[in-house]
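User: Hello! I am new to this structure and would like to learn how its labels are decided. Could you take me through them?

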Amino acid sequence: MAQMFADGRIDRNTPCKPASGGDWKTVDDYLPMLKYGTQLPPATKVPAVPPTPPPVLSSQLSQRISIVDFDIPFGSVLKIMFKWMAAGLVVFCCFLPVIFVLWLIVAAIFAALFSGAMSTFHHP
C-alpha cells in the first residue's frame, strides 16, 4: 500500500478494506501515517507498456453486423431537423455576400456580352 501511495496510484481518499474482511474505509482511515510521508519508499518508475490487442480470429473477420431498425421518437427527429435547418441558415447567411458578388460578376459578364451582340445591329 505504501508503495502504491508513493507511486501516486492511490491517494488518501481511495476506498479500501483489509484482506481479512471489514468495512470499506479510506486509506487515510487505515493508514493515517502515510499522509506525513516520513516512511514512504521511493517512487518507482513503472514502464508504460501499451496493452497488447486481443488476437483476431479468422472467424471474426467474416462476421457481418447489420442494424435493421432504429426506434427514434418523432420529436427527436424533428428537433434534429430543426437544428440542421438553423445551422444551414447560418452558413447560408455567412456565404450570402459571396454568392451575391459572384452573381453580380456573372450578370456583368452576360450584360457585356449581350450589349456587344446588340451593338452590331445598330452599325452596318
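User: How many aromatic pairs does the structure hold?

Analyst: The structure holds one aromatic pair. Before we go further, please keep in mind that this is a predicted model, where local features need pLDDT of at least 70, side-chain atom pairs count only at pLDDT 80 or more, and totals for chains, interfaces and linings use all residues. Residues are numbered from 1 along each chain as its sequence is written, and side-chain values use heavy atoms, with hydrogens and water left out.

User: What makes phenylalanine 100 and tryptophan 103 a pair, and why is the pair called stacked?

Analyst: Rings of Phe, Tyr and Trp (its six-membered ring) pair if their centres lie within 6.5 Å; planes under 30 degrees apart count as stacked, over 60 as edge-to-face and the rest as tilted. Here the ring centres of phenylalanine 100 and tryptophan 103 are 6.3 Å apart and the planes are at 25 degrees, so the pair is stacked.

User: Why is tryptophan 103 called exposed, and why is phenylalanine 100 called partly exposed?

Analyst: Buried means under 20% relative accessible area, exposed over 50%, and partly exposed in between (1.4 Å probe, protein chains only). Tryptophan 103 has 54% relative accessibility, so it counts as exposed. Phenylalanine 100 has 47%, so it is partly exposed.

User: How many salt bridges are counted, and which side chains meet in a salt bridge?

Analyst: The count comes to one salt bridge. A salt bridge is a side-chain nitrogen of Lys or Arg within 4 Å of a carboxyl oxygen of Asp or Glu. Arginine 12 and aspartate 28 meet that rule, with 3.3 Å from N to O. This pair links distant parts of the chain: arginine 12 lies in the loop between helix H1 (2–7) and strand E1 (15–16), while aspartate 28 is in helix H2 (residues 27–30), 16 residues apart.

User: Why can such side chains pair at all?

Analyst: Side chains of opposite charge can pair when their charged atoms come close.

User: Are arginine 12 and aspartate 28 buried or exposed?

Analyst: Aspartate 28 has a relative accessibility of 17%, so it counts as buried. Arginine 12 comes to 38%, so it is partly exposed. Contact means heavy atoms within 4.5 Å, and aspartate 28 touches Arg12 and Lys35, not counting residues up to four places away in sequence.

User: How do you know that cysteine 93 is in no disulfide?

Analyst: A disulfide is a covalent bond between the sulfur atoms of two cysteines. The cut-off used here is a pair of cysteine sulfur atoms within 2.5 Å. The structure holds zero disulfides. For cysteine 93, the nearest cysteine sulfur, that of cysteine 94, is 7.1 Å away, so the two are too far apart for a bond. Cysteine 93 is partly exposed at 44% relative accessible area, whereas cysteine 94 is exposed at 55%.

User: Which residues make up the largest nonpolar core?

Analyst: Phe5, Ile10, Cys16, Val27 and Leu34, five residues in all, make up the largest nonpolar core. Such a core is a set of buried Ala, Val, Leu, Ile, Met, Phe, Trp, Tyr and Cys residues joined through side-chain atoms within 4.5 Å. Leaving aside neighbours within four places in sequence, isoleucine 10 is in contact with Met1, Met4, Phe5 and Val27. Buried residues make up 5% of the 124 residues in the chain.

User: What makes tyrosine 30 partly exposed, and which residues is it in contact with?

Analyst: Tyrosine 30, found in helix H2, has 30% relative accessibility, so it counts as partly exposed. Beyond neighbours within four places in sequence, tyrosine 30 is in contact with Cys16, Lys17, Pro18, Asp23 and Lys25.

Methods: Helices (H or I, at least four residues) and strands (E, at least two) are DSSP runs, numbered from the N terminus.
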